[in-house]
Amino acid sequence: IDITTEQNHIAWIDNAKLITILLVILGHLFLKNDHITTFIYSFHMPLFFFLSGFVMKKRTIKNELKKDFRTLIIPYIFFYFVTYIWWVFTTYPSHPELFQQNIVDKYMKPFIGLFIGYSSSSKVSIMPNAPLWFLLTLFWCRVIVKLNISDKKI
């Protein structure tokens, strides 16, 4: 039985990734049932990260970094700046009480948030688009895995 699609994907992994994506959406709908939300949050992101690592191709570190930079970091930076501009013109002016009225909070904290990727506001950073943490985290997880296995035969 051939379990791959015509694009040489493993079908059950693609289906499992689809299910985890749907669970992300379901978990963010703010269900009134905390038990269901807690259950979903207990495994959906670790499973997605595991499946993403499971299908990593055998590439050199250099080629893997190029691919991941193109497919994860460039979209991360693009959407970060699009939502930052949106945030500057909408959220910040309509809720100035959320931030101190100074140049650091308005401009530097979001810039620091770009590099940290922490999905909540902190004393040092603000992330205008919290769900983007996923792209940066997946990138670093893939780098760590690739560095860890680069000297071993797969």
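Mentor: Let's start with a term: a residue is buried at under 20% relative accessible area, exposed at over 50%, and partly exposed in between, using a 1.4 Å probe and protein chains only. Tyr84, at 13% relative accessibility, therefore counts as buried. Keep in mind that this is a predicted model, in which local features need pLDDT of at least 70 and side-chain atom pairs pLDDT 80 or more, while totals for chains, interfaces and linings use all residues. Residues are numbered from 1 along each chain as its sequence is written, and side-chain values use heavy atoms, without hydrogens and water.

Trainee: What does the secondary structure of the chain come to?

Mentor: Helices here are DSSP runs of H or I with at least four residues, strands are runs of E with at least two, and both are numbered from the N terminus. This chain has seven helices and zero strands. Along the sequence, the pattern reads α-α-α-α-α-α-α. Of the 154 residues in the chain, 30% are buried.

Trainee: Where is Tyr84 found, and how many residues apart in sequence are Tyr84 and Met127?

Mentor: Tyr84 sits in helix H4. In sequence, 43 residues separate Tyr84 from Met127, yet their C-alpha atoms are 8.3 Å apart in space. Tyr80 is also placed in helix H4, and with 1% relative accessibility Tyr80 is buried.

Trainee: How many salt bridges does a search of the whole structure find?

Mentor: A salt bridge puts a side-chain nitrogen of Lys or Arg within 4 Å of a carboxyl oxygen of Asp or Glu. The search turns up three of them. In one, Arg142 meets Glu64 at 2.5 Å, N to O. That pair links distant parts of the chain, with Arg142 in helix H7 and Glu64 in helix H4, 78 residues apart. Arg142 and Glu64 are both buried.

Trainee: Which residue forms a salt bridge with Asp68, the closest N and O atoms being 3.0 Å apart?

Mentor: That partner is Arg142. Asp68 is in helix H4 and Arg142 is in helix H7, so this pair ties together parts that are 74 residues apart in sequence. Asp68 is buried, with a relative accessible area of 1%. Asp68 also meets Lys67 in a salt bridge, 3.2 Å from N to O. Put together, Glu64, Lys67, Asp68 and Arg142 are linked in a salt-bridge network.

Trainee: On to the surface. Which residues form a nonpolar patch?

Mentor: Patches join residues with over 30% relative accessible area and no salt bridge: like charges within 9 Å, nonpolar side chains (Val, Leu, Ile, Met, Phe, Trp, Tyr) within 5 Å. The areas come from the Shrake-Rupley method with a 1.4 Å probe, and only the protein chains shown count as cover for residues. The nonpolar patch here includes Ile77, Phe81, Tyr107, Phe111, Phe115 and Val124, and its accessible area totals about 1100 Å². Helix H4 (61–89) and helix H6 (103–116) are the elements giving two or more residues to it. H6 supplies the largest share, eight residues. Phe115 belongs to helix H6, and is exposed because its relative accessible area is 57%.

Trainee: And what volume does the second largest pocket have?

Mentor: Rolling a water-sized probe over the atoms shows where empty space is left. On a 1 Å grid over the protein atoms alone, a pocket is an open set of points where a 1.4 Å probe fits, with protein on both sides within 12 Å along at least five of seven lines, and lining residues have an atom within 4 Å of a point. Its volume is the space filled by probe spheres on the points, which are joined across faces, edges and corners. The second largest pocket comes to about 340 Å³. It is lined by 13 residues, with Val24, His28, Met45, Pro131 and Phe134 closest to its centre. Helix H1 (11–27), helix H3 (44–54) and helix H7 (133–149) each give at least two residues to this lining.
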